[in-house]
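Me: I have a structure open and want to go through its side-chain contacts. Can we take them one at a time?

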Amino acid sequence: MAVVIPEAALKEGLSGDALSSPSAPEPVVGTPDDKLDADYIKRYLGDLTPLQESCLIRLRQWLQETHKGKIPKDEHILRFLRARDFNIDKAREIMCQSLTWRKQHQVDYILETWTPPQVLQDYYAGGWHHHDKDGRPLYVLRLGQMDTKGLVRALGEEALLRYVLSINEEGLRRCEENTKVFGRPISSWTCLVDLEGLNMRHLWRPGVKALLRIIEVVEANYPETLGRLLILRAPRVFPVLWTLVSPFIDDNTRRKFLIYAGNDYQGPGGLLDYIDKEIIPDFLSGECMCEVPEGGLVPKSLYRTAEELENEDLRLWTETIYQSASVFKGAPHEILIQIVDASSVITWDFDVCKGDIVFNIYHSKRSPQPPKKDSLGAHSITSPGGNNVQLIDKVWQLGRDYSMVESPLICKEGESVQGSHVTRWPGFYILQWKFHSMPACAASSLPRVDDVLASLQVSSHKCKVMYYTEVIGSEDFRGSMTSLESSHSGFSQLSAATTSSSQSHSSSMISR
């Protein structure tokens with residue numbers, strides 16, 4: 001349930017995270033031939049070879065040119081580069097997936113907006129405890145004393161996952177603080193896991209399943225952030241748990257594990273090599289009082305039914321202002337916005353998660369009929385989950401029944417698009433995401449082999465978008481049409497946090 005970093009990063013370092021503004025001025029990044037300031041590298045990034053520095057600059061420049069949203073800090077980009085041995089293409093792929101994931105689940109704001117349930121505060125036996133000898137924040141987890149089965153039964157898998165994410169976010173924040181305190185890059189933390197009390201109860205299948213999912217999510221989104229994992233007082237049952245869990249842990253992560261049986265941690269090569277004597281917790285025969293909760297059995301009166309847990313899990317991960325939709329070939333996804341007062345402002349923010357799409361905005365004086373439930377589009381594709389809605393009837397004619405109010409915008413996979421439209425008339429506005437077909441080969445009327453093969457793949461006929469829209473009254477809207485600034489809009493505050501105004505580009509009032 002901890003996060004991971006390779007040994008090389010312990011010296012080269014990555015400070016902070018991608019969520020808060022750096023305390024030092026950002027270096028100006030231009031062409032890949034540019035150099036970062038040497039003092040900036042030493043103070044916040046650690047030692048970098050010329051090749052590694054070049055990779056960082058090139059990937060950051062690619063993000064500035066294509067991402068069009070909040071650009072992660074250099075430290076954050078470096079973590080993904082290190083996780084893929086500075087292979088830019090591989091690092092770019094996992095980083096873009098992680099940025100979309102963070103945005104969808106509002107992970108940037110989890111520390112400010114989410115309070116752990118009281119059950120977790122009382123029975124989750126983990127907490128932060130000073131720092132190790134290298135200045136890394138130290139997290140102590142008394143896993144052997146924790147009733148994992150009781151926590152899963154009382155809270156469900158999603159609440160536990162969210163709690164672990166909040167721990168990781170707090171760890172990143174503490175790394176940034178320690179970087180300022182020690183005057184050198186502190187990019188990772190140390191985790192101490194005490195297994196005293198571990199037994200077969202901890203091998204309860206749903207509990208192990210929850211643990212594996214947590215490991216999967218953390219590995220994908222918090223690479224290169226665990227400096228060392230100290231496993232103490234491993235009992236005989238530990239090899240069983242290790243056999244179940246180890247295949248899901250990255251090789252670099254496993255190399256950071258130090259495992260001690262019995263009281264071996266008190267001997268040479270033990271805790272004293274990594275933690276000052278003054279802060280060794282009292283339950284490990286140290287002198288420091290550790291405020292980490294002792295855990296204990298969760299009362300069965302707090303257990304939830306399977307149905308309650310399922311509903312709770314759904315609620316937890318749907319607590320996002322974004323909605324997801326599938327876009328099929330021949331079956332666009334459309335949403336209806338009714339405007340009563342002319343000169344209102346329709347704002348939108350969407351990510352193209354898969355495939356390429358065309359974004360359109362239409363106006364009609366009359367309301368479209370409710371969407372049909374029996375089929376989707378000309379090809380009668382059955383809706384997989386109700387996340388594809390079509391409003392424009394086939395008999396409607398463009399120019400007669402409805403009109404286009406913005407030029408079509410082609411959006412590529414991975415793009416983040418923000419924009420706004422000032423309405424000129426009351427009535428019904430339709431926002432449409434439509435499958436973008438690749439243009440036919442102009443040189444020949446014969447299809448290409450690649451096109452034929454692509455047409456045989458079902459996935460090539462499906463795109464996915466994640467979107468949010470909001471209507472703002474003209475009196476509440478200020479700034480340019482692409483600024484998305486509003487004094488009464490929660491969405492606009494989010495946009496301001498995730499979009500750099502200096503990065504804005506507009507095309508027919510659309511900012512990308």
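Predicted model: local features only at pLDDT ≥ 70, side-chain atom pairs only at ≥ 80, totals over all residues.

Me: Which elements are included in what covers the buried residues of α11?
Reply: Helix α11 spans residues 238-245, and its buried residues are Phe238, Leu241 and Val245. Seen down the axis of α11, they fall within an arc of 65 degrees, so they line one face of the helix. The cover over these buried residues includes α10 (205-221), β4 (226-232) and β5 (257-259).

Me: How are the planes of Phe359 and Trp433 arranged: stacked, edge-to-face or tilted?
Reply: Planes under 30 degrees apart count as stacked, and over 60 as edge-to-face. The ring centres of Phe359 and Trp433 are 5.4 Å apart, and the planes stand at 40 degrees, so this pair is tilted.

Me: How many residues apart in sequence are the parts that Phe359 and Trp433 tie together?
Reply: Both residues are buried. Phe359 sits in strand β9 (residues 357-364). Trp433 belongs to strand β13 (residues 427-435), so the parts tied together are apart in sequence by 74 residues.

Me: Which residues form one aromatic cluster with Phe359 and Trp433?
Reply: The structure holds 15 aromatic pairs. Phe359 and Trp433 make up a tilted pair. Their cluster also takes in Trp348, Phe350 and Tyr467.

Me: What is the angle between the planes of Trp396 and Tyr402?
Reply: Trp396 and Tyr402 are both buried. They form a tilted aromatic pair, with 5.8 Å from centre to centre and a plane angle of 35 degrees.

Me: Are Arg60 and Asp74 buried or exposed?
Reply: Buried means under 20% relative accessible area. Arg60 has 8%, so Arg60 counts as buried. Asp74 has 0%, so Asp74 is also buried.

Me: Which helices does the salt bridge of Arg60 and Asp74 tie together?
Reply: The closest N and O atoms of this salt bridge are 2.6 Å apart. The two residues lie in parts 14 residues apart in sequence. Arg60 is in residues 50-66 and Asp74 in residues 74-83, so the helices tied together are α3 and α4.

Me: Why are Asp89 and Arg92 separated by about one helical turn?
Reply: The side chains of Asp89 and Arg92 meet in a salt bridge at 2.6 Å, N to O. An α-helix has 3.6 residues a turn, so residues three or four places apart point the same way. Asp89 and Arg92 are in helix α5 (residues 88-104), and their separation is about one turn because they are apart by 3 residues.

Me: Which ring does Arg92 lie over?
Reply: Arg92 has 22% relative accessibility, so this residue counts as partly exposed. Arg92 lies 4.7 Å from a ring centre, over the face of Trp62.

Me: How many residues apart are Lys103 and Asp351?
Reply: Their side chains meet in a salt bridge of 3.2 Å, N to O. Both residues are buried. The pair links distant parts of the chain: Lys103 is in helix α5 and Asp351 in strand β8 (residues 345-354), a separation of 248 residues.

Me: Which residues do salt bridges that share partners join into one network?
Reply: The count for the structure comes to 22 salt bridges. Through shared partners, one network joins Asp132, Asp134, Arg136 and Arg228.

Definitions and conventions
Residues numbered from 1 in each chain as written. Heavy atoms only, no water. Phe/Tyr/Trp six-rings, centres within 6.5 Å; stacked < 30°, edge-to-face > 60°. Helix = DSSP H or I, 4+ residues; strand = E, 2+ residues; numbered from the N terminus. Buried < 20%, exposed > 50% of the residue type's maximum accessible area, 1.4 Å probe, protein only. Lys NZ or Arg CZ within 6 Å of the ring centre and 35° of its normal. Salt bridge = Lys/Arg side-chain N within 4 Å of Asp/Glu carboxyl O. Arc of directions from axis to C-beta. Contact = heavy atoms within 4.5 Å.
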